[in-house]
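Colleague: I'm new to this one. Could you take me through a few of its features?
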Amino acid sequence: SYRRPFSKMKRKIMFFLIFLINVLINVNHGAIPAGTTELKKENNLENVELGIIGSLVYLGLVLGSISAGPIFASYSSKWVVILSLLFSCFFLYCFTFIKGGWGMAFCRVGCGFCQVILYINFPVWVGQFGVNKSQTIWLTFLQLGVPVGTMLGYVMEALFIKKFGKWKYAFYTQIFF
């Protein structure tokens, strides 16, 4: 039988942190659509440019999905996850400062690429380290992280725009938490 390196309590705490990260990496999927009016106005974007920028995160998800296997086969999953989190934060942060479609587009693709690395690793972690009787529930919660994070992004963006008049604050919250 495989001996797990952490106690049950540590694995539960670790899963809770993974769940929170999963929620937070999905905040921008709601924040972008909720802030499109402000984003468009501030960056002088046309509707087509705005649509492309909004959808390019999914191109990053596709590219990352294709690349994830070789990446995880070649490098330590610990470092891949750490670098993915750091680069995801970097791309989100840059997205709030860059003016112009090409730079924003690059940041969206990069963000999607980094996020899918995490999406792929989290269920693997649950399968390897999860509490046996709770693995199905844990995987269900991982799946819930996507719509919960997206919904949170919509709500946060709406509140920040209403209170501060800036679309960027929801991104800052995502980056620093």
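Colleague: Is K41 buried or exposed?

Modeller: K41 is exposed, at 56% relative accessibility. Buried means under 20% relative accessible area, exposed over 50% and partly exposed in between, with a 1.4 Å probe and protein chains only. This is a predicted model, where local features need pLDDT of at least 70, side-chain atom pairs count only at pLDDT 80 or more, and totals for chains, interfaces and linings use all residues. Residues are numbered from 1 along each chain as its sequence is written, and side-chain values use heavy atoms, with hydrogens and water left out.

Colleague: What does K41 form a salt bridge with?

Modeller: With E38; the closest N and O atoms of the two are 3.8 Å apart. A salt bridge here is a side-chain nitrogen of Lys or Arg within 4 Å of a carboxyl oxygen of Asp or Glu.

Colleague: Where do K41 and E38 sit relative to each other?

Modeller: Both are in helix α3, residues 36-43, and they are three residues apart, so about one helical turn separates them. Helices are DSSP runs of H or I with at least four residues, strands are runs of E with at least two, and both are numbered from the N terminus. E38 is partly exposed, at 22% relative accessible area.

Colleague: How many salt bridges are there in the whole structure?

Modeller: Two. In the other, K99 pairs with E42, and the closest N and O atoms are 3.1 Å apart. That pair links distant parts of the chain, 57 residues apart: K99 is in the loop between α5 and α6, and E42 is in helix α3. K99 is exposed at 53% relative accessibility, while E42 is partly exposed at 27%.

Colleague: Changing topic. At what angle do α5 and α6 pack?

Modeller: About 150 degrees, with the axes of α5 (residues 77-97) and α6 (residues 101-129) 8 Å apart. The two helices are therefore roughly antiparallel, a label for angles over 145 degrees; under 35 is roughly parallel, 65 to 115 roughly perpendicular and the rest oblique.

Colleague: Which residues make the contact?

Modeller: Among them are V80, L85 and F91 of α5, and M104, C111 and N121 of α6. Contact means heavy atoms within 4.5 Å.

Colleague: Since you mention N121, is it buried or exposed?

Modeller: N121 is buried, at 12% relative accessibility. Leaving out residues up to four places away in sequence, N121 touches F72, S77 and V81.

Conventions:
Axes fitted to C-alpha atoms, helices over the stretch in contact; angles between N-to-C directions.
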